[in-house]
Amino acid sequence: MESDKQHFRHILLFYYRKGKNTVQDRKKLTDVCGEGVLKVRQCQNWFAKFRSGNSDVEDAPRSGRPVEADQDAIKALVDANRRITTREIGLRLKLSNSTVYDHLKGLGLSSKFDVWVPHVLTERIAFQTSRK
């Protein structure tokens, strides 16, 4: 998805350099790629950025962006100890509790009676979890 956004920005830069209009350019993109591609305001923002002399089509780093975490390391810690807390995982991997929690949810895990289990619990998994 991110590479698609970058391709659209390259196209917008091309149209900007040709001296085209943002509304017409968006219309051309939506005719080819579909309605949900870009909003008019997004096109206007990118054209304003290009007008200011910045022709970089990459997103600028933001402080509010999610922290990259190694989901394999989180999964390995949970597989080793199903009763591990988000605080313990966070301390070991130097991540915040909320980041760990979000990644555990992304892995399809939820905490039931202080044990991390798959969100969709099958009989086989329930039996394995109760034996530990």
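**Close-up views of a predicted model**

View 1. Lys 27 and Asp 31 both belong to helix α2, 4 residues apart, or about one turn of the helix; helices are DSSP runs (H or I, at least four residues), numbered from the N terminus. Their side chains meet in a salt bridge (2.9 Å, N to O), a term for a side-chain nitrogen of Lys or Arg within 4 Å of a carboxyl oxygen of Asp or Glu. Lys 27 is partly exposed at 48% relative accessibility, whereas Asp 31 is exposed at 53%. Buried means under 20% relative accessible area, exposed over 50% and partly exposed in between (1.4 Å probe, protein chains only). This is a predicted model, in which local features need pLDDT of at least 70 and side-chain atom pairs count only at pLDDT 80 or more, while totals for chains, interfaces and linings use all residues. Residues are numbered from 1 along each chain as its sequence is written, and side-chain values use heavy atoms, with hydrogens and water left out.

View 2. In helix α4 (residues 71-80), Lys 75 and Asp 79 lie 4 residues apart and form a salt bridge, with the closest N and O atoms 3.4 Å apart. Asp 79 also forms a salt bridge with Arg 82, at 3.7 Å between the closest N and O atoms. Arg 82 is buried, with a relative accessible area of 17%.

**View 3. Surroundings of Leu 38.** Leaving aside neighbours within four places in sequence, Leu 38 is in contact (heavy atoms within 4.5 Å) with Phe 8, Leu 12, Arg 26, Leu 29 and Cys 43.

Technical notes. Helix = DSSP H or I, 4+ residues; strand = E, 2+ residues; numbered from the N terminus.
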